[in-house]
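Please look at the sequence and the structure below before reading on.

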Amino acid sequence: MLSLPVGNLSIAPPKDVHSIPVIASWIVAMMGNGSLCLQYVRDSFTAIKSFYHPSNMGDFQEGLIQFLVRLTQSFVDRVHLESKADRLWQFNPPPSYRLTEQDITDFVNCVKECVFISIFNKTNLKDAAKAFRNLAMLRPELVVPPIVEQLFSSVDMSNARTVTNVKDDTTEIELTSVVTGIVQQCSSKIFQVVREKIMNFLVASSFTPRVSKLLTDLVQPILEANPIETLNSNMSNDERLRSLTIVHFIALGCLRMVPRIDSEEVLDLALTVAPVDFKYKAQYTVCAKEPKFKENLRMRLIIDIGKLLANDYAKLNNDFDILKYSFENKLSGRRYHPRFVIIKRLAKEIQSFSIDNYQSLTKIDKQVILKLVELSINRYSQVRCIAQIYLFTMLQRYVFSYNVVVDRILELLNAPGEADHDEIKGCLYILLGDDAFFLPTKHSWPLLEKLWPSIARTTHATKISTQILIDQIVEKITKQFDIPAIIEDTNAISIRAAVALWRPLELKEVEIHDQIREEHNQANIQSYNNLMETLNLICNNDRLTWRQQERTVVFISLLLQKHVPIPSSCIRTFSNFLVHDNVKLRMGLFRNFGSAFVDHFMEQLYALIREKIIEIQEGSQRVAAEIVAGMIRGSKYWTLDELWSKLTPFLNELCMNLSSEAVLNWGCCFWFAVADVDPRRTYHTVEFMRSLINTPSTANTFIETSRWNLVDQLRNFEWRIPGVWHEVNAHAKDLLEHPYKAVRECIASVLGTSLSHDITLPNGQSIRHPSVNLFFDGIHERLQRAIDICEKAPLEAFIEQIEYVCKSSKWHARRAAIEFVQHMIFCNLFNARPFAPRVREIVLKCLFDEQLEVRTIASVTLAGFYQCGFIQITKEDLSYLFRVGVLGLCAIVLSSPYDIPIHIPRALMLLCEHSHDPNLIRKSIKNALSEFRRTHHDSWHEHREKFTEDQLVILADVLISPNYYA
C-alpha cells in the first residue's frame with residue numbers, strides 16, 4: 001500500500017493497490033473488544049516512524065501522511081457513531097465491541113508521535129495538521145500541551161522569514177482567524193499584553209514584503225477588536241498605513257447608507273398580479289430619513305475611495321468557513337461553537353442581508369446587465385469567466401431581471417450561418433448558470449416558449465466543448481425542472497390567510513384580480529400549446545441530428561401534464577417513435593404491445609449472441625442487451641410466463657459464453673430492467689438473477705466474475721428482497737476461498753450488499769436480512785484458522801532455507817540471502833516475531849563473514865531490524881557489536897537515525913578513532929557518518945546535549961576533515 005523502501009532498494013508498487021481510506025477504515029473497525037489490532041498498529045508505526053521525518057524525503061511521504069489522516073479520521077468517525085444516542089439507520093455495534101475510554105487513550109498515544117513529526121514536513125503540512133486536529137478532538141490533554149511547548153521552544157520571532165517560507169494565502173487567513181478569536185474573547189489585560197507584544201516587535205525591526213504581509217495579519221485582528229486604542233499606540237509610519245483598513249470598512253458602510261444613483265425603474269418585466277415596485281423595502285435607518293445631500297455621495301465615494309474596495313463579503317464568508325472548520329468538533333455535542341465563531345456567523349448573516357437586499361431594476365442596472373452579457377461572450381475566456389460571475393450575481397439580485405438577457409441569448413442561438421465559437425460558448429455558459437441561477441427552468445411560460453426550442457434546434461454546437469455544454473444544460477434541466485402552474489387559482493384558505501395578514505379585499509379589487517388572473521392563465525395556456533407544437537415540429541424535422549432529436553423529445557417529455565390537453569400532434573409523434581431507429585426513442589414497444597413480437601425477436605436475439613465475426617460481436621451483443629432490457633422492462637404489466645419460458649434458456653446460454661466486450665452491456669441491461677421497479681412485479685427477473693449463484697463453477701475466471709457481477713445487479717432492490725439476500729449470503733460466504741482473486745473480490749462485493757441492510761427499526765423490530773454479527777462470527781473462526789496456518793508453515797520453511805544458504809560456499813548466494821531477509825521480515829513483521837531469535841543469530845553470524853559485501857549487507861540489515869523494533873538492542877548485543885568491529889559499530893549508529901540513545905556517543909567515538917584506517921574501512925565509516933549527519937541535522941541543537949564537549953570536538957573534526965571528504 002505504501003511502497004516503502006527496504007534497505008537500499010525501493011519496492012515497486014503492486015499492481016492491485018488497496019485504497020488508503022479503505023485500509024484505514026478496516027483497521028479502525030477491528031479495534032476494541034480485546035483485539036490485538038492496536039498493538040499491531042503500534043508496532044507498525046514503530047517500524048515506519050523514521051519514514052515520517054522531514055529529512056527522509058521521498059515519494060512515499062504523501063501516502064504515509066494520508067494514512068495518518070485517514071486513520072485518525074476513521075477513528076473519530078467511529079467514536080462519534082458509537083456515542084450517538086439515536087443511531088436509527090446506522091450499524092449499531094454491540095456494547096462489548098465498542099471502544100472504551102482506555103482504547104481512545106491508547107490510540108492517541110500510539111499515533112501522536114508520528115503526527116508530531118509530520119507537522120514539520122513542509123510539503124504535507126496541511127494534511128499533518130488535519131491528523132493533529134483529529135487527535136485533539138479525542139484527547140486534547142495528550143496532544144495540545146506537547147505541541148504548544150514544542151512550538152514555543154522553536155519559535156524565534158527574529159527569524160520570521162523562516163516562517164513565511166512555508167505559508168500561503170490560506171495560512172494567512174487561518175492566522176487572522178485564530179488571533180481574531182483570541183482578542184475578541186479575552187479580557188482587557190490579555191488584550192493589552194497581546195497588542196504590546198505585537199507592536200513592540202513591529203517597531204523594532206524591518207522586514208521583507210512577504211514577512212510584512214504576515215505581520216499585517218497579526219495587526220488586523222487587534223485593529224478590528226479595538227481600533228481606537230490600537231491606532232493611538234506607538235506605530236511606525238509604515239504600520240500606520242495599515243490602519244487604512246478601517247477606511248475600507250467606512251467606505252463600505254457609507255455606500256450602503258447613502259441612496260442609490262437616481263435612475264428610472266424598468267417596469268413590466270413580468271406579468272404579475274402583485275406589483276414589483278413594493279412600497280415597503282428593507283432599508284437602513286439613515287436611508288429611511290431621506291437625507292438631503294448637495295451631491296450624489298455614492299458616486300463621490302466610488303470616485304474617491306473606490307480603489308480600496310474589495311469583495312469584503314467573500315473574504316468574510318471564507319474567513320468564517322475556515323474558522324468553523326478549525327473549531328468544529330464532532331465529539332463535543334450538537335452545533336457547539338466558541339462564542340467568537342457564533343459572532344462571526346452573525347456578522348456574516350448581517351452582511352449577507354445587506355448585500356442580498358433585493359431591489360427593483362433601474363435603467364442603469366439594465367445597462368450594466370447588458371454590458372455584462374457582452375463581456376460574458378467575449379473572445380477571451382478569462383474575461384468571460386469573470387463577467388459571468390458578476391452577471392449571475394445581478395440576475396439573482398434583481399427580480400425578473402433575467403428577461404433583460406433573453407433576447408440577446410435567442411439572437412445568438414438562432415443566428416443563421418456559422419456563428420462565432422467564443423460567443424456561442426459564452427452564451428451556453430450563461431444558460432448553464434451557477435448553483436444559484438439557472439435561466440432555462442425559470443417559472444415563466446413565455447420564457448420557456450422562446451428559449452427551449454432554440455436550445456433544442458441550435459446548430460452552433462459544432463465542437464466537442466460546446467456539445468458537452470449543451471448536454472450539461474439538458475441534464476441540468478431534467479434534474480431541476482418542475483413544471484410551472486399553467487392555470488393558477490386561489491382557494492378559500494389562502495384568501496383567509498391573506499385577510500389575516502393584511503386586510504379584507506374590496507369587491508372591485510377582487511374583480512380586477514380575477515380578470516388579471518384569467519388573462520394570465522390564458523396567456524400560459526397559449527404559451528404551453530405553442531411550445532409543445534413548436535417542439536413537435538422540430539422533432540419531426542428530417543434534417544435534425546440525432547442529438548437534437550433526443551434533446552427535443554426530452555423537453556416534450558418534461559412538459560407532459562394533466563391540467564391542459566396535450567396537442568394531438570405530440571401524441572401522434574410518440575406513437576410513431578415506437579418503431580423509431582433510435583433505441584432511446586422506442587423502449588416503449590413491449591410495454592404497449594405485450595408479447596405480440598416476442599417470437600419475432602427471439603430468433604434475432606439468438607443470431608445476435610451467436611455472431612462469430614469478431615469485428616461486429618460487440619455491436620451485436622449491445623443490440624441484444626437493449627432488446628432484452630426492453631422486453632423485461634416493458635413486461636411488468638402483462639403475463640410473464642410466456643416470456644420467461646423463452647427468455648430463460650436464452651439467458652443461460654448467454655451467461656456461459658460472455659465476452660469481455662459484452663459484460664458491461666449486459667450489466668446495463670439488467671440494471672435498466674429492474675431499476676426503480678417493485679420486485680413483486682418482476683419476480684421472474686429476480687428469480688433468474690438469484691439462480692445464477694447455483695450455476696456450476698467453471699475454470700474460466702472471466703465467466704465466473706461476469707456471473708457474479710450480474711448477481712450484484714440485485715442491489716437495485718436494496719432491502720425489498722430479504723429472502724433472496726439470505727440465500728445469496730448463505731451461498732456466497734462459502735466461496736470466499738475461491739482460488740481466483742478476481743472472483744473472490746466479486747463475491748465479497750455481493751456479500752457486502754447482502755449484509756448492508758441489517759438494521760433495527762425505530763420500533764425495535766429487526767428486519768429479516770442476513771445478520772452481520774453471525775457472519776462475522778463465522779469469518780472470525782475461519783480467519784483464525786488461516787492465521788494459525790500462515791504463522792507456522794511458510795515462514796519457518798523460509799528461515800530454514802536462509803540458514804542453509806548462509807552456509808553456502810558462494811558469497812553471492814550468502815549476500816542475496818541476507819538481502820532477502822530484509823524484505824521478508826519487513827513484509828511479514830507481525831508473523832515473523834516468533835522467529836526473531838533465529839533471524840538475529842543469522843545476521844550476527846554474517847557480520848563475521850569472510851566477504852566484505854556480505855558483512856556490509858548484514859550490518860545494514862541489523863540496523864534496519866533494530867530501527868523497526870523487530871529486534872531490541874540489549875546489553876549483550878552492544879557488548880558483542882563493540883567487539884565485532886567497524887561494521888558492528890555502524891549498525892549501532894544507523895539503528896537510531898533521529899535520536900541519540902545513550903550508547904550512540906561511544907559508538908561514534910570508536911568510529912572516529914578508525915576514520916584513518918585503510919580505504920575499505922574508511923569508506924564504511926564515511927558512509928555511516930554521512931547518514932548520521934543527514935538524519936540528525938535538523939535537530940542537532942537538541943542532539944548535541946547528549947555529547948560531552950570533548951566528544952563534540954572529535955566529532956566535528958572528523959566530519960569536516962579532508963579525510964572525511966576524500
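In α29, the residues Val-598, Asp-599, Met-602, Leu-605, Tyr-606 and Ile-609 meet Leu-643, Lys-646, Leu-647, Pro-649, Phe-650, Glu-653 and Leu-654 in α31, where contact means heavy atoms within 4.5 Å. By class, this contact of α29 with α31 has ten nonpolar, no polar and three charged residues (Ala, Val, Leu, Ile, Met, Phe, Trp, Tyr, Cys and Pro count as nonpolar, Asp, Glu, Lys and Arg as charged, and the others, Gly among them, as polar).

This is a predicted model, in which local features need pLDDT of at least 70 and side-chain atom pairs count only at pLDDT 80 or more, while totals for chains, interfaces and linings use all residues. Residues are numbered from 1 along each chain as its sequence is written, and side-chain values use heavy atoms, with hydrogens and water left out.

Helices (H or I, at least four residues) are DSSP runs, numbered from the N terminus. Their axes are lines fitted to C-alpha atoms over the stretch in contact, and angles run from 0 to 180 degrees between N-to-C directions.

| Helix | Helix | Angle | Axis distance |
|---|---|---|---|
| α29 (residues 598-609) | α31 (residues 641-655) | roughly 5 degrees | within 11 Å |
| α43 (residues 904-913) | α46 (residues 949-959) | about 45 degrees | 10 Å |

The angle makes α43 oblique to α46, whereas α29 and α31 are roughly parallel to each other (angles under 35 degrees count as roughly parallel, over 145 as roughly antiparallel, 65 to 115 as roughly perpendicular and the rest as oblique).

How values were computed. Helices (H or I, at least four residues) and strands (E, at least two) are DSSP runs, numbered from the N terminus.
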